[in-house]
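Colleague: I should like to learn how to read a protein model, feature by feature. May we go through one together?

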Amino acid sequence: MHFINEEDSKSVSDWIIKNLDWIKDQPDSTPSGHKGVLHGLFDINQPYMQDVLEKVDFPFESMERIDKEMKSFYKIPEDSMFGTLGWMFVYAEEGYTCKWHKDSCDCDEDGMTHIRLNVLISKPEEGGNPLWRDEEGKEWTQEVSKNESWISLSGKYEHSTTTTKGKTPRILLSLGYNVSKKLVE
Ligand SMILES: [Fe+2]
């Protein structure tokens, strides 16, 4: 079990809550097809986003520490390439359910797969846990606590979430990398 540092978690979640209106105004921050209120920032590791985020005092140092810690815990090589959408965070209110999907990897033929290192830096009173489904249709979930990280084989299994309930928002920090299948499967 691995927990991220509460100070870093708080600095990122405080920033998100404080800048929610700004986030809502960013292009592509409100993907359609999800139940409930959802806003996200995607590819936040990309140079064009870094310029944008610097202007609004995004806590990059906390993000770097969280990334380093999680990569080290899950033994993800330092030089791994970012997966599609890179670092992202997703803010969701009561009633949110992630739609079932698989994360794409443009690298499958090379024995690579897309994984995501995830952590909830804010957890609703109920729900918001990850769900997975294999090719035979078998579903399973994992009960996670606030700041408790998990790895998702998101390129291999379809995934979703249990529906969020309660006034506390669900804030997911999700760091995507392309890694060798041998490393994680
Ligand atoms: Fe996904």
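Predicted model: local features only at pLDDT ≥ 70, side-chain atom pairs only at ≥ 80, totals over all residues.

Colleague: How many helices and strands does the secondary structure of the protein contain?

Modeller: Helices (H or I, at least four residues) and strands (E, at least two) are DSSP runs, numbered from the N terminus. Here there are five helices and eight strands. Starting at the N terminus, their order is α-α-β-α-α-β-β-β-β-β-β-β-α. The radius of gyration of the protein is 16 Å, close to the 16 Å that the globule rule gives for 185 residues, so the protein is as compact as a globular protein of that length. That radius is taken over C-alpha atoms, and the globule rule is 2.2 Å times the number of residues to the power 0.38. Along the principal axes, the C-alpha trace spans about 40 × 35 × 30 Å.

Colleague: What percentage of contacts between residues at least 6 apart in sequence join residues at least 24 apart?

Modeller: Two residues are in contact if their C-beta atoms, placed from the backbone, lie within 7 Å. In this protein, 82% of the contacts between residues at least 6 apart join residues at least 24 apart.

Colleague: Which residues of α4 are buried?

Modeller: A residue is buried if 20 or more other C-beta atoms lie within 10 Å of its own, exposed if 12 or fewer, and partly exposed in between, with C-beta atoms placed from the backbone. By that criterion, 32% of the 185 residues of the protein count as buried. In α4 (60–73), the buried residues are Ser62, Met63, Ile66 and Met70. They cover an arc of only 100° around the axis, which puts them on the same side of α4; the arc is that of the directions from the helix axis to the C-beta atoms. The general idea is that an α-helix has 3.6 residues a turn, so residues three or four places apart point the same way. The face of α4 turned away from the buried side carries the exposed residues Glu61, Glu64, Lys68 and Ser72. The cover over the buried residues of α4 includes α1, β3, β6 (149–152) and β8.

Colleague: What is the distance between the end C-alpha atoms of α4?

Modeller: The expected span of a helix is 1.5 Å times one less than its number of residues. For the 14 residues of α4 this should be 20 Å, and the end C-alpha atoms are 20 Å apart, which agrees. After α4 comes Lys75, whose phi is positive, near 55°.

Colleague: Which residues of α1 are buried?

Modeller: They are Asp8, Ser9, Val12, Ser13 and Ile16. Seen down the axis of α1, these buried residues fall within an arc of 120°, so they line one face of the helix. The face turned away carries the exposed residues Glu6, Glu7 and Lys18.

Colleague: How many residues does the largest nonpolar core have?

Modeller: In soluble globular proteins, nonpolar side chains tend to be buried together. A nonpolar core is a set of buried Ala, Val, Leu, Ile, Met, Phe, Trp, Tyr and Cys residues joined through C-beta atoms within 7 Å. The largest one here has 30 residues, and Met88, Phe89, Val90, Ile171 and Leu173 have the most contacts inside it. The elements that give two or more residues to this core include α1 (6–18), β2 (81–92), β3 (112–122) and β8 (170–180).

Colleague: What is Leu173 in contact with, leaving aside neighbours within four places in sequence?

Modeller: Leu173 lies in strand β8 and is buried, with 28 other C-beta atoms within 10 Å. Its contacts are Val12, Ile66, Phe89, Val119 and Ile121.

Colleague: How many bridges join β2 to β8?

Modeller: Two strands pair if DSSP finds at least two bridges between them. Eight bridges join β2 to β8, and these strands run antiparallel. Tyr91 has Ile171 as its bridge partner in β8, and Met88 stands opposite Ser174. β3 is also antiparallel to β8, with 10 bridges. Nine of the 11 residues of β8 are buried, so this strand is largely enclosed by the rest of the structure.

Definitions and conventions:
Residues numbered from 1 in each chain as written.
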